[in-house]
Every structure is written in C-alpha cells, then in structure tokens.
Amino acid sequence: MARTVNIRKLSFTDVEDFTEQMRGLGWQGSVTQSQPGSMRLDLSLAETPGVVGFRTQHTRADIREVVTPANTKTFGLIVPENSGNSWCHRGFDEAVLLMMPRSDFTAANSAGFVGYQLAFDEEMVARACDQHAVRFPLRDDAELIELGKEQRQFYSGLFSDLFRVEDEMAWVTLSDELLSAYVTSFGRSRGAVKTRAAARHAALAKAREYMHANMDQAIALADVAEFACVSRRTLTHAFQESLGLGPMAYLKLLRLNSVRQKLRRAEYSTMQIVDVANEHGF
C-alpha cells in the first residue's frame, strides 16, 4: 500500500506566529512586516526523510533575517508578484533560483510573492553531487540565478506538483529531480562576490547589530555609520540595495516590531502602549 505524504497547510495573521513555526523547523531569524495593513501568511509544509519543503505566500511586503537549518543545504525559488525584491544584496523583479548560505542572510520581498524552499540533508546533496560529477561541498556563498521564461515554467511546474501530490514516492521523485537540477545549476563555476558588494554586506551586518543593541536609545544615522565604519551614503546604499529602505526607516520597523511583540506578552498586558513605546526610543 502506497504511503501518503503529509502536506500541512497553515495560515497566519501574525508574523510572530509564523516565525515561531519556522523556528520549530530549524529556521532561525525574524520576519518584519514592512508594509501597513493586515497581513496573511499562507504556509504549505511537508517533511520526508532528509528533506523539508515549504511554500509561502505573504500578502504584505516583508523583510526577513534568516539562518538556515544546520547540516543542510537549502535551495529555493522566488516568484515575485510586484517589483522591489532583493535577496542577499541583489535586487530582482523576475523569478529567481536561490542557493542559500549557511550563515545569516537578509531578504526583502514585495506583497504577494510566492516562495518555495527545500532543505536537504548534507548526505543527500553529497550523493547528488557525486552522481552529476559536481564538486562537493558546494560553495557556501549566497547565489542567485535569474530565470528565463522556460526555466521559470520548469521550476514552477515542479514545485506546484510537489505540493499537490499525495503519494510519498511521488514526492521523493520530484524532490530528487529538483535536487539534481539545483546541483547542476549551482555546481558550475561562478564568479566570486565583488569586493564592494562584500564590503556593503559587512557594513549592513554591523549596522543591524548596532541597531538591535540600541533600539531604546536616541541614535542617529551618523552613529550607525560610525559603528559600521562607512560613510552615511555607503550605509544608505547598502540598506536600499538589500532591504529596499533606508537605515532609519529600518530602525523604525525594528522598534515597532519589538513594541508589538512585547504587547502580545502577558507580562505587558497591564502597561500603557505609550510606556512600552518609550522603552523603544519613541
């Protein structure tokens, strides 16, 4: 008798509930809504031995700061609905194939985007690399491949089928096909990250570190730039390039998100909103 694959379909109206669900799967980090209005996050999730796959769709623009699960290699497909998307310091407006780094990374997506991600155990990736004569391990750098029309149809079709099948063997066959396609696509020699882009990435990381540590302080752009050891112009460019908004707008989002998180906790239920806001520099 054929075994069925359990594809769970979940919906969230709060980014914190969605983030907690993802943390349970080994995905660390945060999601911050960057567009006003009510948010709906739809998640389809499936797990088979060695593979975790999910499909997400967010009705509002968001910014994500993510660390992928340990001992895995993670690949994905992003199909944007609108312009204004970026991933690991590269902007895009068409469908893209992603190889995710093991370190933390940032991404910004416009409203309505559809994202697919597959996290494979290292052993599975190693076998696929051996099968296709690709050097293992694959690079740890974040990589992005812009897709043409035929490639988009190919990957979108595979992923759509992946989250429609009920038979576990069909799921395994499709996920193996996707892994082979990823390995051959990303296993080719690719150029290293440009020095300037790498420097902006380092500056962005330091700036975010400073902002997270000083949300309750009255800090200015000059303070953040000084800590990141770059000019205000370079820092602004790094934020716009990676997240689609300036550093001070990002700081405001951080503060608002932190206020919102605290107001959801029982120990803050008796506090005035203004008092919690004051704690975060408003």
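The largest cavity in this structure has a volume of about 240 Å³, where a cavity is, on a 1 Å grid over the protein atoms alone, a set of points where a 1.4 Å probe fits but cannot get out, and where the volume is the space filled by probe spheres set on the points, which are joined across faces, edges and corners. Of the 21 residues that line this largest cavity, Phe18, Met22, Val31, Arg64 and Val66 are the closest to its centre, with lining residues taken as those that have an atom within 4 Å of a point.

Before I go on, please keep in mind that this is a predicted model, in which local features need pLDDT of at least 70 and side-chain atom pairs count only at pLDDT 80 or more, while totals for chains, interfaces and linings use all residues. Residues are numbered from 1 along each chain as its sequence is written, and side-chain values use heavy atoms, with hydrogens and water left out.

Searching the whole structure gives three cavities of 30 Å³ or more. Helix H1 (15–23) and the strands S2 (28–33), S4 (51–58), S5 (62–67) and S11 (114–121) each supply at least two residues of the lining of the largest one; helices here are DSSP runs of H or I with at least four residues, strands are runs of E with at least two, and both are numbered from the N terminus.

Let me turn to asparagine 85, which lies in strand S7 (residues 85–87). Asparagine 85 counts as buried because its relative accessibility is 4%, buried meaning under 20% relative accessible area with a 1.4 Å probe and protein chains only. Its side chain is joined to that of asparagine 109 by a polar contact of 3.4 Å, that is, a pair of N or O atoms within 3.5 Å, of which, within protein, one must be able to donate a hydrogen and the other to accept it, residues adjacent in sequence counting only if both atoms are side-chain atoms.

Proline 101 sits in the loop between strand S9 (96–99) and strand S10 (105–109), and at 5% relative accessibility proline 101 also counts as buried. Beyond its neighbours within four places in sequence, proline 101 is in contact (heavy atoms within 4.5 Å) with residues including Trp87, Cys88 and Asp141.

Finally, in helix H4 (residues 168–186), the buried residues include Trp171, Leu178 and Phe186. At the start of H4, a side-chain oxygen of aspartate 167 reaches to within 3.2 Å of the backbone nitrogen of methionine 169.

Methods
Buried < 20%, exposed > 50% of the residue type's maximum accessible area, 1.4 Å probe, protein only. 1 Å grid on protein atoms, 1.4 Å probe; cavity = no way out; pocket = protein on both sides within 12 Å on 5 of 7 lines; lining within 4 Å.
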